[in-house]
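Here is a note for a colleague who is opening this structure for the first time. Please read the points with the model in view.

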Amino acid sequence: MPTGRAAPESQRWKALLFISIAQLMVVLDGAVMNIALPSAQQALHFTDGSRQWVVTAYGLAFGGLLLVGGRIGDMVGRKRTFLIALGGFAIASAIGGLAVNAAMLLLARALQGVFAALLAPAALSLLSLSFTQPRERAKAFGVFSAVSIAGGAVGLIVGGLLTQYLNWRFAMFVLVPIAVIGILGASRTVHDDGERHRARLDLPGVLLASSGLVGLVYGFGVAESRGWSAGVTIGSFTAGVLLLAAFVVVQARVTSPLLPLRVLTERNRAAAYLSVGLAIVSMFGMFLLLSYYFQQVKGWSPVMAGLAFMPMAVPQAIGATQIGARLAHRIAPRPIMVGGYLVTAVGLVLLALLDADSGFLEIAFSEAVIGLGIGTAFMPAMSISTHGVEPRDAGVASAMISSSQQVGGSIGTALLNTIATSSAATYLLSHGGPAARVQERNEALMHGYSVAYWVAVGFVVAAAVVSVVMVNAGAPKHVPAPTDALGDVTPVPVH
């Protein structure tokens, strides 16, 4: 186990800044590329069929390697992994910005996914190990959660501005200076005093987990374009489920598992993984549908569409840092999570009731309710995702919450988009057919969005139910911790 005194308080808060910058970079990447993709496709002359792979290549690498990335951090050190991942992400982003053809861009996106899989769990585990005192931990996770949630909306704004006023390549280049700032700051402020996992890497577990997660993510990716009943979709899902089932069997038998089952058997951590995954289904699907609504129905430009997400982004930050964080060091996490998820469900109901002529204030109010609710709920969920975990497992426990987000996002994007488009097509056939006027087409689109939003309500309510049933951590209390070998005493949160 590494030795050395804990970092001073001021140093830890500086470290939080750079850890959050790294998290922002990972979240920004997906959002800015979504806005820049049409321009990139036109410039590099790749087909509509290959267009989805610019997004999917990142998701496959990121989702498939998250558990491996978390365990590598546990083995070689979270700070070292964090800095290497930042450097690799910067290089991959520069390659993407310099891409001369589709193949080069796809390679860059896959490399970004690889380094994001190292970066995301390392960032969360460093945060978890640095802030153990309940009040500080609540504030730190509030900031981290706000960045994680609001980064998607900020990315849409940044992507729209860069694409419209500069060039799509800057959607990739902008990540390079962010990574450099993260490296320079983290190298001086971030400290990793957690216990290392010294065993050899579980190669059978690596292959089974990575292949299984890739199968699931790929299945949801192709479902959007090929359909849910297509052979490749069903085959991907089947292979993914079977491989992950085999992974669980192997993990129960090997001496040094990639994912120790003890990480999953603690009910609060399991509740965090499941509830966040269910809620992310709604959030990612909603982001996509709102983007279409702003641009197709309302006719707004990419910049205006990006700015229209601000009424959600700001309340998300307030919910995480001012409501969730302030409550988390006073009361148990369950009522915060349940209340936040139910408020989010109310906001989604308000979205489902919008029509093509709804004014900006109606839209903004619906977004604000969603943002406030999800920001409040995710703060304690992020915190209990490493609840009671042994330091040697901090990386893989952190990777699990990232895996929940990645898989949930893939499900949400494919599922809600498919529901919206099929519902809109059915409505259009019964209300005017192919020759329908613009007004009727907009009505069909709004009908499809409404149906999808009601499904999203169901997923968020399910997240609230999971929190009610599974979360039993108590309100945090301070007790004196035993003195370590160096004479340092660290307050320990008790649940």
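**Notes on the model**

Threonine 344 touches Met283, Ile370, Gly373, Ile374 and Val460, with residues up to four places away in sequence not counted. Contact here means heavy atoms within 4.5 Å.

1. Basis. This is a predicted model, in which local features need pLDDT of at least 70, side-chain atom pairs count only at pLDDT 80 or more, and totals for chains, interfaces and linings use all residues. Residues are numbered from 1 along each chain as its sequence is written, and side-chain values use heavy atoms, with hydrogens and water left out.

2. Overall make-up. The chain has 17 helices and two strands. Both are DSSP runs numbered from the N terminus: helices are H or I with at least four residues, strands are E with at least two. Of the 495 residues in the chain, 56% are buried. Buried means under 20% relative accessible area, exposed means over 50%, and partly exposed lies in between (1.4 Å probe, protein chains only).

3. Contacts and surface. Take the contacts in the chain with a separation of 6 or more: residues 24 or more positions apart account for 82% of them. The chain exposes about 19500 Å². Carbon and sulfur atoms supply 67% of that area. Accessible areas come from the Shrake-Rupley method with a 1.4 Å probe; for residues, only the protein chains shown count as cover.

4. Threonine 344. Where does threonine 344 sit? Its place is in helix α14, residues 333–352. Threonine 344 counts as buried because its relative accessibility is 0%.

5. Asparagine 268. This residue belongs to helix α11, residues 267–297. Asparagine 268 has a relative accessible area of 2%, so it is buried. Which residues does asparagine 268 contact, leaving aside neighbours within four places in sequence? They are Ile384, His387, Met470, Val471, Asn472 and Ala473. Serine 467 is 199 residues from asparagine 268 along the chain, yet their C-alpha atoms are separated by 8.6 Å.

6. Serine 20. Helix α1, residues 9–44, holds serine 20. Its relative accessible area is 6%, so serine 20 is buried. Setting aside residues up to four places away in sequence, serine 20 touches Val143, Phe144 and Val147. Serine 20 and glycine 182 are 162 residues apart in sequence; C-alpha to C-alpha, they are 9.0 Å apart in space.

7. Serine 93. Look for serine 93 in helix α3, residues 78–97. Is serine 93 buried or exposed? It counts as buried, because its relative accessibility is 0%. Serine 93 touches Gln112, Met172, Leu175 and Val176, again without residues up to four places away in sequence.

8. Phenylalanine 131. The loop between α4 (102–130) and α5 (134–165) contains phenylalanine 131. At 1% relative accessibility, phenylalanine 131 counts as buried. Its contacts, leaving aside neighbours within four places in sequence, are Arg12, Trp13, Leu16, Glu136, Arg137 and Ala140. Phenylalanine 141 is ten residues from phenylalanine 131 along the chain, with 8.9 Å between their C-alpha atoms.

9. Nonpolar patch. Met304, Leu307, Met310, Val314, Ile318 and Leu372 form a nonpolar patch on the surface. Together they have about 460 Å² of accessible area. Patches are made of residues with over 30% relative accessible area and no salt bridge; like charges are joined within 9 Å, and nonpolar side chains (Val, Leu, Ile, Met, Phe, Trp, Tyr) within 5 Å. A salt bridge is a side-chain nitrogen of Lys or Arg within 4 Å of a carboxyl oxygen of Asp or Glu. Which helix gives the largest share of the nonpolar patch? That is α13, with three residues. Both α12 (302–307) and α13 supply at least two residues each. Leucine 372 is found in helix α15. Its relative accessible area is 32%, so leucine 372 is partly exposed.

10. Charged patches. Arg135, Lys139, Arg326 and Arg330 form a positive surface patch. Arginine 326 is in helix α13, residues 310–328, and counts as partly exposed at 46% relative accessibility. Asp355, Asp357, Glu362 and Glu443 form a negative surface patch. Aspartate 357 is in the loop between α14 and α15 (360–384), and counts as exposed at 72% relative accessibility. Lys and Arg count as positive and Asp and Glu as negative; His and the chain ends are not counted. The place of a charge is taken as NZ of Lys, CZ of Arg, CG of Asp or CD of Glu.
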